[in-house]
Amino acid sequence: MLLLAALLAAAGGGGRREVSMQYNPGWNNSSVNLLHVRAVGQNDTLHYVWSSIGAPAALLVATGSQSSTLHVNWTRLLSPAPAGAIWIEPPGSVVYSTAVVFTKVFEYSKADTPEELFYPAYDLSSFSWDSINRTLNHTALTAEFLGVPASDPSGSFSNGSLAFRVTAYEANGRDGPLPSLLHTANSSKVEFVLAGVAPRGNGSRFALEVATVEEPGVARRLRSARSIDDEYTPTIFETLSLAAEARNASAALSFLQWKATAYGSRSPKREDGIRCRAHGLQAANWTLPASGVIRAYFGEGLGSAYAVSAINISFGGEDGEVYQEKRYLSWSALLGFGQPPEDTFSPLVISIMAVALGTPMALLLVGSVVVLFAQRKCYSEYEPIN
Amino acid sequence: MAEEERALLGPGGGGGPGGGGDPGGSVSPPGGPRGLAAACDPRRLPHRLLVLALMCFLGFGSYFCYDNPAALQTQVQADMKVNTARFMALYAWYSWPNVVLCFFGGFLIDRVFGIRLGTIIFSIFVCVGQVIFALGALFNAFWLMEAGRFVFGIGGESLAVAQNTYAVSWFKGKELNLVFGLQLSMARIGSTVNMNIMGWIYSRVQDLLGRTGHSTLGLTLMIGGITCLFSLACALILAYLDKRAEKLLCKEQGKTGEVIKLTDVKDFSLSLWLIFVICVCYYAAVFPFIGLGKVFFIEKFKFSSQEASAINSIVYIISAPMSPVFGLLVDKVGKNIIWVLCAVITTLASHIMLAFTFWNPWVAMCLLGVAYSLLACALWPMVAFVVPEHQLGTAYGFMQSIQNLGLAIIAIAAGMILDTRGYLFLEVFFSACICLSLIAVVMLYFVNHLTGGDLNWSAKKREKLQKVAATEAEEQERLRRQNEDDLAKLRPKADDFSLRNRYLSKLGAQLPDNYSSYLSTMAHRSMLK
């Protein structure tokens with residue numbers, strides 16, 4: 001585990017990674033989606049494996065070698081028992097691995113009832129996903145997983161879809177559009193988008209269930225940080241992160257980080273903000289995520305040796321009707337290795353404060369000098385008569 | 001020229017130079033009616049108290065409705081689907097007409113409408129403005145709401161001038177301070193009640209209609225408009241009582257006595273310009289902040305809606321009792337620049353606290369409330385020290401004008417900054433405004449020091465020098481009177497111009513210098529809002 005920190009620190013120093021994307025490596029068929037993002041640093045390689053085989057999921061593997069490679073046994077992966085179908089070569093180079101699975105979308109209503117009314121949840125593992133081959137952009141390093149339920153009895157998805165947009169990063173930086181998350185070269189962004197999906201009731205709100213898989217000795221913890229700095233995400237002061245921490249250390253090994261807001265518009269602005277909250281992170285070893293790549297990589301130990309925990313992230317406040325009007329919801333989160341990045345004051349803010357506070361001080365100084373000088377001059381006019 | 005203006009104003013000019021010399025004043029009129037009940041006799045205390053109550057409630061409606069947007073910010077933005085910049089335009093639209101109107105308010109009251117008709121007309125403007133504002137919400141037309149605020153602004157500020165003129169005409173003399181104080185407190189109460197009650201009314205209307213939306217907002221604002229109708233009723237009754245008093249006591253209609261000459265602007269001293277800068281930058285960092293405050297406390301400090309309303313109105317609540325206290329303090333001690341400096345630094349500290357810490361915002365807001373009251377008491381009288389008396393009307397009019405201009409621009413800028421850069425940057429922006437104000441205060445201190453101005457004299461020194469000046473003036477006056485008497489002997493048919501001039505100068509010389517300027521300051525205290 002310490003090795004990971006050392007590796008990432010080295011990579012953070014360089015700050016840049018060579019990122020390449022590969023669609024369905026070693027399989028010439030676009031009926032399923034598997035996206036391999038390989039980010040090579042100075043002396044390490046980060047592997048992100050995004051896939052919609054089963055529930056949409058991201059497998060994150062950090063390796064201590066520049067030449068580590070991902071291998072997929074496709075026939076086994078697509079079989080009912082995929083254990084061992086995905087592995088890293090050489091196996092000894094793997095430093096740390098974790099996974100994030102988006103399992104379900106809940107829809108519930110608070111309108112006119114004291115308790116929440118839950119509609120049947122959308123199980124993301126039973127969605128049918130478009131091929132990401134068309135949306136794959138090798139220069140911008142983005143791809144989009146677009147899905148609709150395989151069977152849609154309520155017709156909610158007749159004009160709508162659910163999507164996960166993935167962005168990989170080569171270097172440190174910050175996104176342009178809101179929520180303008182700060183990212184490092186050790187992270188990628190996933191954006192959950194619900195567009196045009198008809199709500200099944202008045203005042204419907206949505207929640208996304210996110211499950212994580214951790215190695216033995218590592219546990220996820222929900223961190224909530226309130227910062228005074230809302231310059232990049234106006235009026236949002238809270239940053240949440242689901243950090244993986246080793247039992248004996250508090251430094252994060254990996255993280256899923258997001259601002260406490262979603263947006264109800266394709267071009268998000270402050271007023272489109274939808275309140276976002278996280279509910280009760282808990283162990284969820286009894287329901288194993290139905291994701292092909294996760295089962296394939298972690299194998300039989302999933303749920304026993306590899307701990308699964310889950311959290312619900314809900315969108316919409318007390319009187320959140322933003323979705324009803326716009327029928328659009330987008331929530332962005334950063335997932336990556338190491339410590340989650342933290343916002344700092346922008347140079348603009350610092351320089352404004354410096355000038356604003358410095359000028360009166362300088363003026364006070366100059367003024368005092370001038371006054372003293374003037375007084376001395378005043379006295380010197382009275383020349384001794386003799 | 002100054003002499004001529006004095007003469008033209010006539011002895012009825014309450015707030016103007018030579019005020020206090022109303023020959024037909026409320027004391028022992030010839031042939032006053034007998035046998036009237038105490039409450040009906042304009043000379044008796046109960047009747048005057050009734051008039052006082054009416055005067056106080058005259059402004060209640062406009063102060064109540066001025067901050068309606070701030071009290072309902074979340075609702076306005078959600079129901080009308082506007083961003084913060086457009087929301088803040090509601091405040092800007094209130095200020096725009098006053099950039100021009102504050103030069104004419106006094107003129108309109110004195111020369112065109114008269115105080116009674118003027119007050120009624122301005123009250124009607126306020127009512128109509130609020131109704132248009134509410135209709136805009138009912139019809140879901142934001143531009144109509146903006147138009148409503150514009151009309152409301154035309155009435156609101158001028159109504160405040162009219163209110164003060166009434167006060168001067170009825171309570172000239174010892175009671176005036178108290179009356180102004182009460183009116184000011186009433187204004188604060190109006191703002192405070194608004195802050196704390198509009199959200200509640202909205203939720204009641206929401207229960208009634210069963211939904212939120214623009215019609216709920218419209219109905220809520222209509223209900224808020226009732227206070228304006230109430231104020232209009234006060235204006236009507238007051239006009240009747242004033243007319244009646246005029247008949248019974250041969251009392252003249254009150255006048256602002258304001259003389260505005262825009263060409264005076266070129267004669268303004270550097271000190272005055274610095275005072276303008278202090279004023280614009282300071283108020284720009286207070287009023288737009290309060291306009292946006294409620295949601296700020298909800299979003300940054302996780303306050304409940306009621307709690308946010310309460311803390312947002314604390315500035316007004318504090319300034320109600322503190323203004324008279326600080327007024328007295330500054331009067332007794334003098335050293336105005338030091339007080340202004342303290343107020344500005346305290347405000348800066350409170351903005352920095354709000355920007356960079358999560359400390360309990362009650363501390364920062366209470367500091368802001370105290371600083372704000374102190375500044376009002378120390379800053380406004382300074383104008384009277386740096387401007388000759390005959391230019392005072394122009395100076396205050398100009399100050400009010402650029403203050404409104406500043407408020408309008410900063411309000412929109414603040415909304416835009418909030419939408420794109422968030423609260424931290426907004427607070428940094430407000431802090432920068434306060435720093436600009438601080439720079440102006442420091443410069444004012446040195447300019448005053450180097451030019452040997454009297455802004456920072458202690459009250460004792462000021463009094464002593466005034467006494468010297470007064471005896472000097474008396475001596476001069478005696479010589480002149482003698483001279484005039486000689487002249488009059490030579491020319492027995494004196495025209496009434498010189499007669500009035502003599503009368504006035506006689507009065508003027510006996511009044512302490514700051515007396516009339518103080519009245520003028522108070523007549524313009526609508527700016528202190």
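View 1. F358(B), L424(B) and F446(B) supply 20% of the area that chain B buries against chain A, more than any other three residues. In this predicted model, local features need pLDDT of at least 70 and side-chain atom pairs count only at pLDDT 80 or more, whereas totals for chains, interfaces and linings use all residues. Residues are numbered from 1 along each chain as its sequence is written, chains are lettered from A and ligands numbered from 1 in the order in which they are written, and side-chain values use heavy atoms, with hydrogens and water left out. Across the interface, 34 residues of chain B are in contact with 31 residues of chain A, contact meaning heavy atoms within 4.5 Å.

**View 2. Salt bridges between and within chains.** Four salt bridges are counted between chain B and chain A, a salt bridge being a side-chain nitrogen of Lys or Arg within 4 Å of a carboxyl oxygen of Asp or Glu. One salt bridge joins the side chains of R270(A) and D419(B), at 3.0 Å from N to O. Over all chains the count comes to 22 salt bridges. Within chain A, R17(A) forms a salt bridge with D44(A), and their closest N and O atoms are 3.0 Å apart. Because R17(A) lies in the loop between helix 1 (2-14) and strand 1 (18-23) of chain A and D44(A) in the loop between strand 2 (34-40) and strand 3 (45-51) of chain A, the pair ties together parts that are 27 residues apart in sequence. Helices (H or I, at least four residues) and strands (E, at least two) are DSSP runs, numbered from the N terminus.

**View 3. Helix 13 of chain B against helix 18 of chain B.** The axes of helix 13 (residues 287-301) and helix 18 (residues 392-451) of chain B come within 8 Å and cross at roughly 25°; axes are lines fitted to C-alpha atoms, for helices over the stretch in contact, and angles run from 0 to 180 degrees between N-to-C directions. That makes helix 13 of chain B roughly parallel to helix 18 of chain B, since angles under 35 degrees count as roughly parallel, over 145 as roughly antiparallel, 65 to 115 as roughly perpendicular and the rest as oblique. Among the residues that meet are F287(B), L292(B) and F296(B) in helix 13 of chain B, and L407(B), I410(B) and F430(B) in helix 18 of chain B. The residues of this contact divide into 14 nonpolar, one polar and two charged, where Ala, Val, Leu, Ile, Met, Phe, Trp, Tyr, Cys and Pro count as nonpolar, Asp, Glu, Lys and Arg as charged, and the others, Gly among them, as polar.

**View 4. Helix 15 of chain B against helix 17 of chain B.** Helix 15 (residues 314-333) and helix 17 (residues 361-386) of chain B pack at an angle of about 40°, with their axes 8 Å apart. These two helices of chain B are therefore oblique to each other. Their contact residues divide into 15 nonpolar, five polar and no charged.

**View 5. Backbone details in chain A.** The peptide bond from E89(A) to P90(A) is cis, with omega near -5°, and P90(A) is found in the loop between strand 6 (86-89) and strand 7 (94-109) of chain A. N24(A), although not a glycine, has a positive phi of about 45°.

How values were computed:
Buried area is the accessible area (1.4 Å probe) that two parts lose on being put together, summed over both.
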